[in-house]
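Please read the following report alongside the sequence and the coordinates. It treats a sheet, then a helix and its packing.

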Amino acid sequence: HDAEIAVTLEDGFTVASMHDHITFNNYKFCPTCARAGAAKMRDYITVAFVPAVQTKKLALAMMTLTASHKRDCDWKKDIADPFFEAVRIFGKNMKHDYKKIGAEGQFRAMESPVGPNGLHLHIHDELAYCPGANLEEFAASASKKWNAACKQVGLYCNDHGLHLTKDFN
């Protein structure tokens, strides 16, 4: 019925952490649960996802999507809601591009760290694609479509808004 929460100051930031009492299973807001969830996700990727990709003789790339964020605002209304709408629009507009590189889908993870600039939502998509596909063309098209989706919902996206790492392992 009780939990111990330690609050410390590290490098000018207030850090709160749970100490082995309870698990919330709230991967977004509890660092202890987030670490446990990330460990389970890594195990799944290593034991199931990567072997399935290798069996199909596909390659892996990592695509990261991020957008503007700030501290002094309503994080849900001004950042999260528009960000997830931009992700939805982007996914809809990318169907042809995914097919072009032989990507049947993506393995998606989201991070939601909070830093000096507020809530920094970003998406990581592991893409299984056909070796030899033109990822430069894919990345250029994806970047344009991500920028357009962000603009459509009122977010700003710079050159780092979409990052593609080829041959991701």
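## Sheet and helix packing

Strand β4 is joined to strand β7 (residues 122-129) by 6 bridges, and the two run antiparallel; strands here are DSSP runs of E with at least two residues, helices are runs of H or I with at least four, and both are numbered from the N terminus. The model is a predicted one, in which local features need pLDDT of at least 70 and side-chain atom pairs count only at pLDDT 80 or more, while totals for chains, interfaces and linings use all residues. Residues are numbered from 1 along each chain as its sequence is written, and side-chain values use heavy atoms, with hydrogens and water left out.

The open sheet consists of 4 strands in the order β4-β7-β3-β8, with antiparallel pairing, where two strands pair if DSSP finds at least two bridges between them. Because β4 (106-111) and β8 (162-165) each have a single partner strand, they stand at the edges, and one side of each is left without a neighbour in the sheet. From one strand to the next the twist averages 20°. At the other end of the order, 4 bridges join β8 to strand β3 (residues 59-66), again antiparallel.

Two bridge partners from these pairings are set out below.

| Residue | Bridge partner |
|---|---|
| alanine 109 | histidine 124, in β7 |
| methionine 63 | leucine 164, in β8 |

Buried means under 20% relative accessible area, exposed over 50%, and partly exposed in between, with a 1.4 Å probe and protein chains only. Leucine 60, which lies in strand β3, is buried, with a relative accessible area of 9%. Its C-alpha atom is separated by 8.5 Å from that of valine 50, 10 residues apart along the chain.

Helix α2 (residues 75-93) has 19 residues and reaches 26 Å from its first C-alpha to its last, close to the 27 Å expected, the expected span being 1.5 Å times one less than the number of residues. Buried residues in α2 include Ile79, Phe83, Ala86 and Phe90.

The axes of α2 and helix α4 (residues 135-152) come within 8 Å and cross at roughly 140°; axes are lines fitted to C-alpha atoms, for helices over the stretch in contact, and angles run from 0 to 180 degrees between N-to-C directions. That angle makes α2 oblique to α4, since angles under 35 degrees count as roughly parallel, over 145 as roughly antiparallel, 65 to 115 as roughly perpendicular and the rest as oblique.
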